[in-house]
Amino acid sequence: MKIVAAELRWVQIPLVAPFRTSFGTCDDRDTIVLRVVTDGGIEGWSECGAEIDPLYSEEWLAGVELVIRDHLWPRISALGDGLTAVAVKPALEPVKRHFMAKHLLETAILDAELKGAGMSFGSYLGSVKERVPAGVSVGIMDTLPELLEAVAGYVEAGYVRIKLKIEPGWDLEPVRLVRQEFGDDLLLQVDANTAYTLLDVQHLTRLDEFGLLLIEQPLREDDLRGHAELARVMRTPVCLDESITSARDAATAIAQRACSVINIKPARVGGYLEARRIHDVAAANGIPVWCGGMLETGIGRAPNLALAALPGFVLPGDTSASSRYYSQDLTKPFELDADGCIAVPTGPGIGVDILPDVLAAVTDRVDSLPIG
Ligand code: OSB
Ligand code: MG
């Protein structure tokens, strides 16, 4: 396979409501969509997980574009006719980290390759389910009544699990109220996005009384030892997101007892092949995983749903319906069915068509990558 055209497309799409985490507030989803075209005339598509600012991880969109143009794309081009999705990671290995940039490249190439073979992401990755249960990530709100109203809307819509974003000053009270209002049967978890330190251990253990499924990434991403210490004293299972960038990280975190659950995001770990390796390492250790998200449009969500259908994904993911994010998605909208599940796409590659007019309307700029 050879690439004959490639373009990076900067898009900005308004979110249906602002999304606030311990890092800050987003009103829009900014991302880069990559389109590649093969010598066989097949298109491959992918969506970048990075944001405008390097707050979730060290990557940011302008940096992604730069590292692709100057360092990653030349290494892909050098593969010539020998380009396959499996060849991407070894070719890019000399460049340290930059997982979201690598994910963008590998995913578009895998999409094109699978489309050429008439195979879906789900079949290729080894999915075992046709539908996956949908959870929803609920941002920090200005007031508790606003939070209760938002959660009520999601419960009504059929989401099977609620995740509350927390930070110091917005933790015990929101969790207590949501538990009180929606009862003990609601599957409920929290995500701190690194907002706490080990000095907060006593405080965090007070969350134990609320029967949470898990607490996600309470401490800094580089603090595995701290997470292990917290996990020893907290009854609530500790889940890692930001800390896990590879199957090796997963193996280390599990061996150190720093987590008992892992959130797998393909964008954070350099693509679907590494995401599957993390799934395999976790499964071999009896560690449950679930599929996280970066507020992706349908372009990024479609392959996430395929990943979430692998057997080790035993907890509901942040793979929500299109309407949770956008009034107009870039693909046909993903919708919740009557039991709060979303269908895994079955068509070749990512299995969804991009709506060209919608994409054009949200595109700020298109930059081609050099060929040959
Ligand atoms: O930590 O999981 C996170 C969104 C942006 C950055 C980080 C996170 C999130 C989410 C949203 O929680 C998940 C989604 O619905 O895509
Ligand atoms: Mg998270």
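**A cavity and a ligand pocket**

About 70 Å³ of space lies in the largest cavity of this structure, which is a predicted model. Counting cavities of 30 Å³ or more gives a total of one. The lining of the largest cavity is made up of 14 residues, and those lying nearest its centre are Glu47, His103, Tyr272, Glu296 and Gly300.

From the cavity we can turn to the ligand. The largest pocket is the space that ligand 1 takes up, and around ligand 1 stand 17 residues, among which Ser137, Asn193, Lys265, Leu295 and Tyr325 are the closest. Sorted by class, this shell around ligand 1 holds nine charged residues, together with five nonpolar and three polar ones.

Some of the contacts can be followed atom by atom. Lys165 places a polar side-chain atom 3.0 Å from an oxygen atom of ligand 1, and for Asp191, too, a polar side-chain atom lies 3.0 Å from an oxygen atom of ligand 1. In the case of Arg301, the distance from a polar side-chain atom to an oxygen atom of ligand 1 is 3.3 Å. Taken alone, ligand 1 would expose 390 Å², and of that area the protein buries 99%.

Technical notes. Residues are numbered from 1 along each chain as its sequence is written. Chains are lettered from A and ligands numbered from 1 in the order in which they are written. This is a predicted model: local features need pLDDT of at least 70, side-chain atom pairs count only at pLDDT 80 or more; totals for chains, interfaces and linings use all residues. Side-chain values use heavy atoms; hydrogens and water are left out. A residue is near a molecule or strand if one of its heavy atoms lies within 4 Å of it. A polar contact is a pair of N or O atoms within 3.5 Å; within protein, one must be able to donate a hydrogen and the other to accept it, and residues adjacent in sequence count only if both atoms are side-chain atoms. Accessible areas come from the Shrake-Rupley method with a 1.4 Å probe; for residues, only the protein chains shown count as cover. On a 1 Å grid over the protein atoms alone, a cavity is a set of points where a 1.4 Å probe fits but cannot get out, and a pocket is an open set with protein on both sides within 12 Å along at least five of seven lines; lining residues have an atom within 4 Å of a point. A molecule sits in a cavity or pocket if more than half of its atoms lie within 2 Å of its grid points. Ala, Val, Leu, Ile, Met, Phe, Trp, Tyr, Cys and Pro count as nonpolar, Asp, Glu, Lys and Arg as charged, and the others, Gly among them, as polar. Grid points are joined across faces, edges and corners, and a volume is the space filled by probe spheres set on the points.
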